[in-house]
Structure formats: C-alpha cells, structure tokens
Amino acid sequence: MSSVRRVNLCYQNCSAPHSCTTTAFEQLENMKMKQLGKTGESISELCLGAMYFGSRLDRETSFELLDRYYDAGGRVIDTANVYATWVEGHEEPESESLLGEWITERGIRDEVTIATKVGAEYGNVPRSLEPKVIQEEVDRSRERLGIETIDLLYVHVDDPETPQVDVMRTLAEQVDVGNVRYIGASNMPAWRIARANCIAEERNWPRFEFVQPRFSYLIPERNPSFDAAVQLPMTDELVDYCVTADLTVLPYSPTLGGCYGRDDRSIPDTYVRSENRLKMALVEELADRHDVSGNTIVLAWMLERDHPTVPIVGCSTLKQLEMNLAASDVIFTDEECRRLNGIENYGFDKWAQRSA
Ligand SMILES: NC(=O)c1ccc[n+]([C@@H]2O[C@H](COP(=O)([O-])OP(=O)(O)OC[C@H]3O[C@@H](n4cnc5c(N)ncnc54)[C@H](OP(=O)(O)O)[C@@H]3O)[C@@H](O)[C@H]2O)c1
C-alpha cells in the first residue's frame, strides 16, 4: 500500500508562505528532487503546469493550486509565452502575468524555478526561432513574469527555416547577458536536439539540458496527429539520446487529460491499440491495490524511471492536484515495476545490453 500524503490545509487560511506552519516544512522535505541535465542543479520531481492559469482557471483557483503545490514542496512551474491565447476571450497571454503576480505577492522569487517557452505562434508573433523573435519574446516573457532571469527557457517547437547555429547562438547570448539560466527543447525530433547540442558544444555555448515531449504511459500509434500541430510525442531515439547525453525529461500531458482515472474521459483515439488495453488493465489493477487513482499510478511510474523524469502535472482542482502529488508516495514492488515496464516501452534496451 502507498502511504497516505498528509494534507496541509495551509492554502485555506494562509496566503503567504512565510507564515506557513511546520507541516509545510515537513512536506517540503517530502518532495524529492531530480537532477537537471548536467547543470549540477536539481528541481522538484513534480512540475506544476500553468497552461490555463489566468484563462480557463481564474485567478483565485490558480493561486490556490500554486499555493498548495508550493506547500507540498513543489518548486518548478511550467508556462509559455503563448499560454493560453487559444482560449476564447483570452487572446493576450495571461499565464505568465498571473505567475508573475503570484511570485511577487508571495515574495518567493528566489525559491521557485520558472520555465517558459518561445517559438510558437500567437497574436502577431509568428511560429519562428529567428534571433529577433527569440530576443523580443524573452524580453516580453521577463516583463510579464516580472523577473530578471528566466530559469528554464524551452524552444517550444522546432523551426527548420532558421539555421540551428543562429538559434543556439541567440540562446547563448540570452544566457550570457543573464536573461536566461538554462535552455531546453520541446516538440523537437531527437536528431535535431542532438545536432543543436553538437553545434553548441563545439563553440562552448550552453546546450539543451532538458526536453519536454508529449509523453505518457500509453504509447500512441505511429505518426499520430495531435490537435495542435506543434506536438511531438516521445520516441525511442529521444529516450536513448537523453540517457546517453544526460538530459532531464519533463513529460507534458502525462495523464492524457486524466483518462487513467475517470469515467468521463476516454482514451484519446490515437492511443487505442492492443498494447494499451493491457496497460490500462494493469493501471486499474494497481490503482485498486494501492488505493489511488490510475492517474496517480501513471505519474508514480514516471517517477520510478531510472532516468531523471519530472512529469508536468496539469490540474484544474485541488482534488486533482492532491491525487497527482500522491504519486510521490506510491512505492511499487519489483514485480509491479517489471509488469509496468514489460508490456511496451520506449528506448533501445536490448541494444544497450548487446553493446555492454
Ligand atoms: N510543450 C508543449 O507543447 C505542451 C503541450 C501541452 C501541455 N504542456 C504543459 O504540460 C502541462 C500539463 O499538460 P496537460 O494539461 O495537457 O496534462 P494532462 O495530464 O494531459 O491533462 C491535465 C488535465 O487532466 C485532468 N486531470 C489531471 N489530473 C487528474 C486527476 N488526478 N484526476 C482526474 N482528472 C485529472 C484535468 O482535466 P480537467 O481540467 O478537464 O478536469 C487536468 O486539467 C501544461 O499545463 C503545460 O504546462 C506543454
């Protein structure tokens, strides 16, 4: 059985972390850390996704989720310059601004790691990684977030039109002037990330230290077309590259909209495959055995991976957040791990064994 996470009710009666109770500090110790690439730094093992903060989720709900995540020891939050301009009535990016307000009101800038992204299209900003776009968008993100330095900056989506050497040079300049600390790549094929990192390493520029692919326990069909044209799933090659070159993996959409634990969310069509039926049955069995949601089981499986993996949890209620935080407390037996990993997995395990 997994242990039950103590619920700190601090978010209900305390809006400032400095006045949190000891329980908050005890819980802080509960959130384990994962290494961040080769930077020598670590981040909390669960990242909070802020995609709909300030748009679908109002300010009060967003602040409650942020406070609860903070009280549980969470210290890394994911946003983007584009979030969430596709939501009707929210054509201006609101997630970064809301996060900026929360950081300022709570006075915790130095305690949290803020990740944002550049490169996707919104308003008058094109889908592009041209130097001018990166420079202007980094400045706009810093302004909206109200911070001098973006801790983690992702390229949100690849740009085959802009030479990679120009992209990596521009990112290096942003790090050099102190606008950005570390860089990562989202929705980019493994070979392009590896190529960009070679370009950077040859010139002593910063390399991509972490990646953010669409990655869950279920594996989609080959060449899936996801709703947003930018989204690229995890691949065997990307797992292999991240393991070989020590890049941290931060999976997005890890629960596929919560489909592992709720009757009103079916598995997305592109994931309907025979292997996934077996996987779903196993997730349900383990959810019953550990007395948690199937979503918790999937997040716990990610945390169990040998390679540093930090799922980005998206939630719209405190109850969902509690279920997702509970992933840290699930302990699988060796047999359970073997079964979870035994159906179908990413990577080239047999190759690694052969060359060892
Ligand atoms: N790099 C990229 O291209 C990219 C793309 C997408 C997302 N992201 C990042 O990844 C984060 C998470 O992505 P996502 O929202 O797509 O993740 P997700 O895990 O696929 O979906 C999150 C949604 O699933 C439901 N859910 C989550 N936990 C649940 C639980 N325990 N029980 C029941 N339902 C649950 C909720 O749906 P309801 O709100 O409908 O109840 C929640 O809003 C985003 O916030 C963003 O930061 C990045």
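Colleague: Which residue in β7 stands opposite Leu-152?

Modeller: Tyr-182 in β7 stands opposite Leu-152. Before going on, note that this is a predicted model, in which local features need pLDDT of at least 70 and side-chain atom pairs count only at pLDDT 80 or more, while totals for chains, interfaces and linings use all residues. Residues are numbered from 1 along each chain as its sequence is written, and side-chain values use heavy atoms, with hydrogens and water left out.

Colleague: In what sense do β6 and β7 pair, and over how many bridges?

Modeller: In general, strands of a sheet pair through backbone hydrogen bonds, either parallel or antiparallel. Strands here are DSSP runs of E with at least two residues, helices are runs of H or I with at least four, and both are numbered from the N terminus. Two strands pair if DSSP finds at least two bridges between them. Strand β6 (residues 150–155) and β7 pair in the parallel sense over five bridges.

Colleague: How does the chain get from β6 to β7?

Modeller: A crossover is called right-handed if, with the strands pointing away from the viewer, the path from the first strand over the helix to the second runs clockwise. From β6 the chain passes through helix α6 (residues 164–176) to β7, and this β-α-β crossover is right-handed. Strand β7 then pairs with strand β8 (residues 208–212), in the parallel sense over four bridges, and Ile-183 has Phe-208 in β8 as its bridge partner. Here the chain crosses from β7 through helix α7 (residues 190–202) to β8, again as a right-handed β-α-β crossover.

Colleague: What is the order of the strands in the whole sheet?

Modeller: The open sheet has eight strands in the order β9-β8-β7-β6-β5-β4-β3-β10, with parallel pairing. β9 (248–249) and β10 (312–313) are at the edges with a single partner strand each, so one side of each is left without a neighbour in the sheet.

Colleague: Why is β7 described as largely enclosed?

Modeller: The test is relative accessible area: buried means under 20%, exposed over 50%, and partly exposed in between (1.4 Å probe, protein chains only). In β7 (residues 180–186), five of the seven residues are buried, so the strand is largely enclosed by the rest of the structure. For β6, six of the six residues are buried, so that strand is largely enclosed as well. In β5, Thr-113 counts as buried at 15% relative accessibility.

Colleague: Which backbone features deserve a second look?

Modeller: Most residues other than glycine have a negative phi, and most peptide bonds are trans. The peptide bond from Tyr-83 to Ala-84 is cis, with omega near -20°, and Ala-84 lies in the loop between β4 and α4 (95–106). Asn-223 is not a glycine, yet has a positive phi of about 50°; Asn-223 sits in the loop between β8 and α8 (236–245) and is exposed at 67% relative accessibility. Asp-246, in the loop between α8 and β9, has a positive phi of about 60° and is partly exposed at 33%.

Colleague: How many residues surround the ligand?

Modeller: A residue is near a molecule if one of its heavy atoms lies within 4 Å of it. The shell has 28 residues, and the closest are Asp-78, Ser-253, Thr-255, Gly-257 and Ser-316. Helix α11 (residues 318–325) gives the most to this shell, with three residues.

Colleague: Which side chain has an N or O atom 2.6 Å from an oxygen atom of the ligand?

Modeller: That side chain belongs to Thr-255. For Asn-187 the corresponding distance to a ligand oxygen atom is 2.9 Å, and a polar side-chain atom of Gln-320 is 2.9 Å from a ligand oxygen atom. The protein covers 87% of the 910 Å² of accessible area that the ligand has on its own, with areas from the Shrake-Rupley method and a 1.4 Å probe.

Notes: Polar contact = N/O pair within 3.5 Å; in protein donor to acceptor, adjacent residues only side chain to side chain.
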